[in-house]
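Subject: Handing over a structure

Dear colleague,

I am passing on the structure below and would be glad if you kept it open while you read.

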Amino acid sequence: MTAVDVLSPVSSDTLVDRVMAVAHLPPTAHVAVIGHHTLSIVLALMHRGCACVRSLRPGSASPDRESADLAWIVDVANEDELHDALQAARNRTGASGRVVVEGSDCTCANGLSAIRTHALGAGLDVVSFDHLSRRLVLAPALSARLAA
């Protein structure tokens, strides 16, 4: 069970507000939530007024391929799922979207450095990091270099 699983509606709303703020996105953004336990986040995003919210499972087929302003990876079981989730996130967010990875529950062998390594492989790089929540914000690698 991850920290995301046990969120109350108020906690979910607060978490969503923080992530949308750190990603610099409006309430009407299109969001893809990637992970195994996404319901509380999806409901909080809908409650917040997001125009379109999708829930995706790592490694599962997603035939719609609808673009998103934000892909939010809330939990993955291992590095293979992290890799699949980052690839799916990169495909959905295109050249200007953001990817947020909740690192506090990362089961990767090298923690946050493993997330960055996999992100670079998907063409993404870190543009922001929340030390308290261990949350990474990623953008396409070229955009990340231009922002620095």
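Helices (H or I, at least four residues) and strands (E, at least two) are DSSP runs, numbered from the N terminus. This is a predicted model, so local features need pLDDT of at least 70 and side-chain atom pairs count only at pLDDT 80 or more, while totals for chains, interfaces and linings use all residues. Residues are numbered from 1 along each chain as its sequence is written, and side-chain values use heavy atoms, with hydrogens and water left out.

I begin with confidence, for which pLDDT is the predictor's own score for each residue, from 0 to 100. The protein chain averages a pLDDT of 84, and 84% of the residues score at least 70. Among the elements of the chain, β1 has the highest mean, 95, whereas helix α5 (residues 141-147) has the lowest, 60. Over residues 1-6 the pLDDT stays under 50, and for this stretch the model has 10 contacts (heavy atoms within 4.5 Å) beyond four places in sequence.

Next come the strands, where two count as paired if DSSP finds at least two bridges between them. β1 and β2 run parallel and are joined by 5 bridges; A32, for instance, has R54 in β2 as its bridge partner.

Now to the spaces, found on a 1 Å grid over the protein atoms alone: a cavity is a set of points where a 1.4 Å probe fits but cannot get out, a pocket is an open set with protein on both sides within 12 Å along at least five of seven lines, and lining residues have an atom within 4 Å of a point. Grid points are joined across faces, edges and corners, and a volume is the space filled by probe spheres set on the points.

The largest pocket has a volume of about 180 Å³. Of the 13 residues that line this pocket, S60, S62, R65, D84 and A88 are the closest to its centre, and helix α3 (residues 79-93) provides the largest share of the lining, 5 residues.

There are also 2 cavities of 30 Å³ or more, and the second largest cavity holds about 40 Å³ of space. Its lining includes A32 and R54, the bridge partners mentioned above. β1 (30-35) and β2 (52-56) each supply at least two residues of this lining, and β1 gives the most, with 3 residues.

Best wishes
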